Amino acid sequence: MTTAVAAPFRFFALQVVRTRRLGPSLVRVTFGGPDLAAFHSLGRDQSLSLFLPHPGQPEPVVPIELGDQWWQGWRELPDDVRAVMRSYTLRALRRDPDEIDIDFVLHTPAGPASQWASRAVAGHRVLLLGPALADNRAIRFRPPQDTDLVVVWGDETALPAVSAVLESLPPGMRARVWLEVHDAGDIQDLATEADAEVTWLVQDAGGAESPRGQAGGVRGASTPMALGALRAARLPPAAHPYVWIAGESSCVKELRRHFVGERGVDRRRVTFVGYWRRGLSEEQLREQGE
């Protein structure tokens, strides 16, 4: 059973179709199901809420029969019963058959979602709260029409969004992109028709310089690495640049200050999204936001 929440979003009952390892820290899970016929999105950095079962549960427990009151009902369920909720970015949507891809970052030690993704097999069931209208408020990447340069930074949690953003750029659009990943094996070939220059920053867990990276560091987005790389970068001249930054919250805020304060980019042309915060779970972040 599915139910409307608040247009343009609704619940979708899905199941795993297949999985594929993309690198040491990344796994792609493909989902399908009849409900996806009503799923619509323009892509780019489309945000989704994924509900996962606890070990031993056949499916995630979410009281969707409560309609718009599902959230309160979900919060009141016991911790070991209510579904694990995590935010993700849509990587791809396909038709005939209807399928979506979501990329997961695998952590050590593994959290509930990372653990689920590492063990996912065809047939496993999930619930997704996602868009029923293609253009919706959960898409943040919106460069103004006069944009003549797109500047992007993202850590490994933002890699799916950055990949989709690059695919969406028109032919010839100038783009300068920085992507920070934990392992050189997570580097991917990114498709785009834009005039894009992509720089990979690779963190080495041992602290040594990675052979394919610009710097070493510890797991998780590194503000010094990101800020140093961007400060050293020579951006092509542009009258109307647009900046999109996503990843660890404190790093994202520091980079926004760099672009607005040090490079003089109009703050209205800088989109910044904190996908996670160092030292806090998504449950703790959600509680702080209430």
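Reader: Are Phe-51 and Trp-70 buried or exposed?

Author: Happy to start there, with a note that this is a predicted model, where local features need pLDDT of at least 70, side-chain atom pairs count only at pLDDT 80 or more, and totals for chains, interfaces and linings use all residues. Residues are numbered from 1 along each chain as its sequence is written, and side-chain values use heavy atoms, leaving out hydrogens and water. Buried means under 20% relative accessible area, exposed over 50% and partly exposed in between, with a 1.4 Å probe and protein chains only. By that rule, Phe-51 and Trp-70 are both buried.

Reader: What kind of pair do the rings of Phe-141 and Tyr-242 form?

Author: Good one! Rings of Phe, Tyr and Trp (its six-membered ring) pair if their centres lie within 6.5 Å; planes under 30 degrees apart count as stacked, over 60 as edge-to-face and the rest as tilted. Here the centres are 5.5 Å apart and the planes stand at 75°, so the pair of Phe-141 and Tyr-242 is edge-to-face.

Reader: How many residues apart are Phe-141 and Tyr-242?

Author: Strands (E, at least two residues) and helices (H or I, at least four) are DSSP runs, numbered from the N terminus. Phe-141 is in the loop between strand S7 (125-131) and strand S8 (149-155), while Tyr-242 is in strand S11 (residues 241-248). The pair links distant parts of the chain, 101 residues apart.

Reader: Which residue lies over the face of Trp-74?

Author: A charge sits over a ring if NZ of Lys or CZ of Arg is within 6 Å of the ring centre and within 35 degrees of the ring normal. At 5.3 Å from the ring centre of Trp-74, the residue is Arg-82.
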